[in-house]
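Hi there,

Here is the structure I promised to pass on.

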Amino acid sequence: MEAQKNLIDLDPDAEVALKVLIADDNDSDRLLLTTIVQNAGHQVFAVANGQDAVNAFNDNRPDIVLLDAMMPIMDGFQAAEHITDLAGEEAIPIVFLTSLKDAASLAKCLDAGGTDFLSKPYNRLILAAKIRALGRLRKLQLLVRMQRDRLAIHHDHLIREQEVAKRVFDNIAHPGCVNSPNMKAHLSPMAVFNGDMVLAARKPDGGMFVLIGDFTGHGLPAAIGAMPASEIFYGMTNKGFSLQEIISEINKKLSNILPVGVFCCCALVDFSFDRNIIQIWAGGLPELFLYRGADKSLSKADAIEAVGSKHLPLGVLSPQRFNSDVQVFEMRQGDRLYLWTDGILEAGDDKGDMFGEDRLKTVFLKNTTIDVMFDEILGAVDQFTGRQEQDDDHTLVEVKMVTQTEFDTYFGEKKQEKVSAESVGPMAWEFKYTLRPQSLKVFNPLPLLTHMLMEVPGLRNHSSKLYTILAELYSNALEHGVLGINSSLKSSSQGFAEYYRQREQALNSDFKGFVTFTLTHRAEPDGGALVIRVEDSGLGFDYANIEQNLSGNDGYCGRGIPLLLSMCRRFEYFDSGNKVEAEFEWRFA
Amino acid sequence: MNSKTGGQNRQSIAVDEQILDQTVLEDLRKLLDDDFQLFIKTFLHDMDHRCQVIVNATAIQDLDVVRHAAHSLKGSACNLGAHLLTNICALLETAARDGDVEQIKTSTQDLEQQRHQVRNRISQLA
Amino acid sequence: MAIWANESGADKKLTIKIQGRFDFSAHQEFRDAYEKANAKPDGYVVDMSETTYLDSSALGMLLLLRDHAGGDTSHIEIVNCNNDVKKILTISNFEQLFTIK
């Protein structure tokens, strides 16, 4: 080993003393060879037969072997075979010594595992030059092996690092509701290291956010961006932030931490089960399909609505230039939204063709049972690429529009925190918060107010309900009260898009007014009570007839007032209808 | 100038060279330096030994032994520049391989003769 | 894949042409093309007439060029795009950052 190590440390052109094994049964020939090789500066081990040659090889591990073809006990060819076996992955040059001159015999030497042959009479110049040349070859081989071994070690390190990173990621990016029954997701096992991520979470108001992302690059650099993105996603969803706020925050984070040129193609979708509406922000992704297959009045081709990305990918624009505008679509029970990254479209076969949009669309046009569409898409890609499923690099998500009740059944209320009289937190307090036009334009107060309420342990178990109450009352106060938008628009799903457009327009205009929240909490014998009072500067409405209005409601107006009535022990309007109070009670567990 | 030595014609010089090539010998002398005498001694010993082996093997018609010995001597003769010796060994090797007993007998006789010629030449030059 | 850079005199713009596949292997050469230019040009032109293919790392390289050229104040034209190239740029909405012809 020492000699070999020295061999590769030296400059490739430097003269080096090699270890040479010489096997020749003729004494004078052997003496002649030994002298020539020693004179050339190398170390010689000389033997007289094939068996001794094999033994000497094993004991001394020479760099080059010179073998006489015909020897007693074991001839050169057999010895060569044994020596090659002993050498293992080292390609030790074997030179056959022969007085044979015919081409067939010489070829036989090489076929038997020889690297070269040396004819008699021995020419010392040729011999010395051949040994030098073989020495260089040997060095090269050792160098290549060393580099290969180093590469293998590095590769192992990389794999181990990735495994650790994956565990960290799994701890942070918990699956949320990717497993909910109205959603199907297919990701390759190493998706995160291919830059792909899928996140899904239940919103406090009962809806669902789904995010699909595709970071540029591969390996750790691609995976790194997914961690802050998922933390922000889950954290902000839980606190009741809106889609625009979440996507803006993720963009801000990514444009801060990702280097220029690295970005994330992404779509974030807000599913509203009670309004049968979805809102989509999409940047840099290929077209996604909204499939209205349940509607028998539509032809298959018309049932596909392609949703293109209107925005640049995340991480490209500074927060000041970022645009969080969404697209709004009606989506009814049984309709499905299909999301994918470009991995599916770019899946290639061995001819180099890509799966492409046409083949993908064909799957939709040929499908007869919508429930198997997801599997048919994956099947079509696998068939096209001819590869095993575990080698794939594609991400596919299907989300079905269901009723709020169906969705809630799966989730239920999250596990109850035990609250006792000893750990009640702040029980007697009042908080008043007024927002004027400038704030109303840019700030969403709901997460802040919800956060306040969560300071009371007794209210924590009801965060969803409380958020829903605050959201509904705020929405009415701002949109109907201050901005004066006609809320009957909301009663149809086409109208919702128009309503949303009017809302944006009005919010960006010059308006006057305010919304005031007054939150009052007090203790009760077995728990506590919270009064939420919202007052707006608007004209109010005819709330005396609210009962009649509600009974005709077929659900498009959202959960709205009926739900609030069911949650609160008292619910009253005052003055012209621009003041409302909702009283909510909770009890010790 | 002695007529015998001065008149030594080209053919006999050529023959001498065929028995043992002086140029080759000189090269070996330069190459082997202190080991030259040892080399010569080794060669002569090997030559005598192998010739004896061939004679014995021919007598009992052990063709394989003849073949191997002839092959080996052929190689070392070649290295020394003993061209005639080399050729005779080559003939012997082929004959032994082909089973040509007549040729083997003839060549073995030639071999003995050549052995002495080489020995003489070496003692003249070395 | 080959990259040509040409500083045309008249309008003081640096034209960079990418021949073949514009992917990660073009990284160093593309950067050299604009970093090693002699004078600071008034604008940049990326000529895609012989570009056969563009992937996400190429998009990243275009963003790097934009950053080098001044970010929001840069003037970069991407010209002579074939349909495939144009499609990739359109999906990513890069016309919001570059002038695409």
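A word on naming before the findings: helices (H or I, at least four residues) and strands (E, at least two) are DSSP runs, numbered from the N terminus. This is a predicted model, so local features need pLDDT of at least 70 and side-chain atom pairs count only at pLDDT 80 or more, while totals for chains, interfaces and linings use all residues. Residues are numbered from 1 along each chain as its sequence is written, and chains are lettered from A and ligands numbered from 1 in the order in which they are written.

As background, an α-helix has 3.6 residues a turn, so residues three or four places apart point the same way.

Strand 2 of chain A (residues 43-47) holds A:V44. A:V44 counts as partly exposed because it has 19 C-beta neighbours inside 10 Å. Beyond its neighbours within four places in sequence, A:V44 is in contact with A:V20, A:I22, A:T34, A:V37 and A:Q38; two residues are in contact if their C-beta atoms, placed from the backbone, lie within 7 Å. A:V20 is 24 residues away from A:V44 in sequence, yet their C-alpha atoms are 4.9 Å apart.

Further along chain A there is an open sheet of five strands in the order 16-17-18-20-19, with antiparallel pairing. Strands pair if DSSP finds at least two bridges between them. Strand 16 (429-435) and strand 19 (570-574) of chain A are the edges, each pairing on one side only. On average, neighbouring strands of this sheet are turned by 15 degrees against each other, direction ignored. Strand 16 of chain A is joined to strand 17 (residues 515-524) of chain A by seven bridges in the antiparallel sense, and A:W429 has A:H521 in strand 17 as its bridge partner. Helix 18 (residues 463-482) of chain A lies across strand 17, strand 18 (527-536) and strand 20 (579-587) of chain A, and runs at about 15 degrees to strand 18 of chain A. For these angles, axes are lines fitted to C-alpha atoms, for helices over the stretch in contact, and angles run from 0 to 180 degrees between N-to-C directions.

Now the partners. Chain B has seven helices and zero strands, and 35% of its 126 residues are buried. In chain B, 58% of the contacts with a separation of 6 or more are between residues 24 or more positions apart.

Chain B and chain A meet through 15 residues from chain B and 15 residues from chain A. Helix 5 of chain B gives the largest share of the chain B side, eight residues. By class, that side has five nonpolar, seven polar and three charged residues. Here Ala, Val, Leu, Ile, Met, Phe, Trp, Tyr, Cys and Pro count as nonpolar, Asp, Glu, Lys and Arg as charged, and the others, Gly among them, as polar.

Chain C has three helices and six strands, in the order β-β-α-β-β-α-β-α-β from the N terminus on. Buried residues account for 32% of its 101 residues. The contact with chain A takes 12 residues of chain C and 13 residues of chain A. Helix 2 (residues 56-68) of chain C gives the most to the chain C side, with seven residues.

Enjoy exploring!

Note on methods
Buried ≥ 20, exposed ≤ 12 C-beta atoms within 10 Å, placed from the backbone.
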